[in-house]
Amino acid sequence: MSQHSDSTRPTDLQDTLGAFEPARQAQLEHLLDALDAAPDDLAAVPSDDDAWADLAARLDGPSARRPPAPASQPDRAPQPQARTRRRLAWASSAVLALLLAVGLGWWQQPVEVYAPAGERLLVDLPDGSVLHLNSDSRIAYQRGFRSLLGGPADLRQVTLTGEAFFEVQPGTRPFVVDTEHARVTVLGTQFNVRARADAASPETRVTLTEGRVRVTAQGAEADAVVLAAPNDAAVVRPAMGVTAAAGEAAHAQAWRTGGFVHVDTPVSAILADIERSFDLTIQADDPALLASVMSVLYLGEADAASILHDVCLAQGCQYRPSNRGFTVFMPTDTTQTP
């Protein structure tokens, strides 16, 4: 419980305290109470004049000297107003230190952006680069692309989980995209990165639209694939490193305009992508169906029912609406044997 009511403190100090959250305000109130409870005898603390005199004695020159007090002012003990000013100065210093600590903690927290299932986001990065973030995807980067101490970082570094299309502004610092298994290094280009952690066979796939990028596996910087022409692609798989792959930029970034493209992909992965793209649930339990591999090609805007119709047409399955999405199942054979 505070020993002093707020009304006994200067108005500007009350306003300063009121600007803080309750927890911070309680800490500062406790500090002020401790200062108010300190004994009035401050003889152990040198006066301002004594401190200046001591400093002048240590420095060989008159420039550090403080002008002497007028002769008409006799020496006297510190007055209550002087003690109040000192306490206010100490409290202000404590507030400043607290603000610096809070600000440093805020600065050191990376910026995170998440696109929920069924949504796509356009994200402006600190260097003027732009990325398109696909559904159920997350990026993180250091605030301002600066170091923890506030200076420019060596890299413009982004960590990606999910899928994003990057339009990178040229710059003197390399632009780096890190995924769980891969690192993509560029200086100015456009490319798509897909790194779904929930895939049956986790991989990072990079497809170039324009410019030039270098793709490596995490921890294996010497083994690299350089993409230098539109539609070039590379795939990074755990324990297998990086390899060049066939690519098609229009297919890789069709999701940006509502399209839906999968080439030679297991049905399980196609259904999972329908779920995240349209924020719904698909129930499918047939192992043979889920393991089947097929292609789906929608370069224009697609909807979930149309995609499921194509999947079932190719796989001989059926689907029906459910409470949260769809149920996909194999039809029961009702043919009677004669």
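The structure holds zero disulfides; the model is a predicted one. A disulfide is a covalent bond between the sulfur atoms of two cysteines. Cys312 counts as buried because its relative accessibility of 6% falls under the 20% cut-off. Cys317, at 7% relative accessibility, is likewise buried.

| Residue | Relative accessibility | Class |
|---|---|---|
| Cys312 | 6% | buried |
| Cys317 | 7% | buried |

**Overall architecture**

The protein contains eight helices and 18 strands. Of its 338 residues, 34% count as buried. Its accessible surface comes to about 19700 Å², and carbon and sulfur atoms contribute 54% of that area. Among contacts with a separation of 6 or more, 48% are made by residues 24 or more positions apart.

**Helix H6 and its surroundings**

Helix H6 spans residues 267-278 and has twelve residues. From its first C-alpha to its last, H6 reaches 16 Å, close to the 16 Å expected at 1.5 Å a residue. The buried residues of H6 are Val267, Ile270, Leu271, Asp273, Ile274 and Arg276. An α-helix has 3.6 residues a turn, so residues three or four places apart point the same way.

The partners of these buried residues include both strands and helices. The strands against which they pack are S8 (190-195), S14 (260-266), S15 (281-283) and S16 (293-298). The helices are H7 (287-291) and H8 (304-315). Just after H6, Asp279 adopts a positive phi of about 55 degrees.

How values were computed
Residues numbered from 1 in each chain as written. Predicted model: local features only at pLDDT ≥ 70, side-chain atom pairs only at ≥ 80, totals over all residues. Heavy atoms only, no water. Helix = DSSP H or I, 4+ residues; strand = E, 2+ residues; numbered from the N terminus. Buried < 20%, exposed > 50% of the residue type's maximum accessible area, 1.4 Å probe, protein only. Contact = heavy atoms within 4.5 Å. Areas by Shrake-Rupley, 256 points an atom, 1.4 Å probe, with all protein chains shown as cover. Disulfide = S-S within 2.5 Å. Expected span 1.5 Å × (residues − 1).
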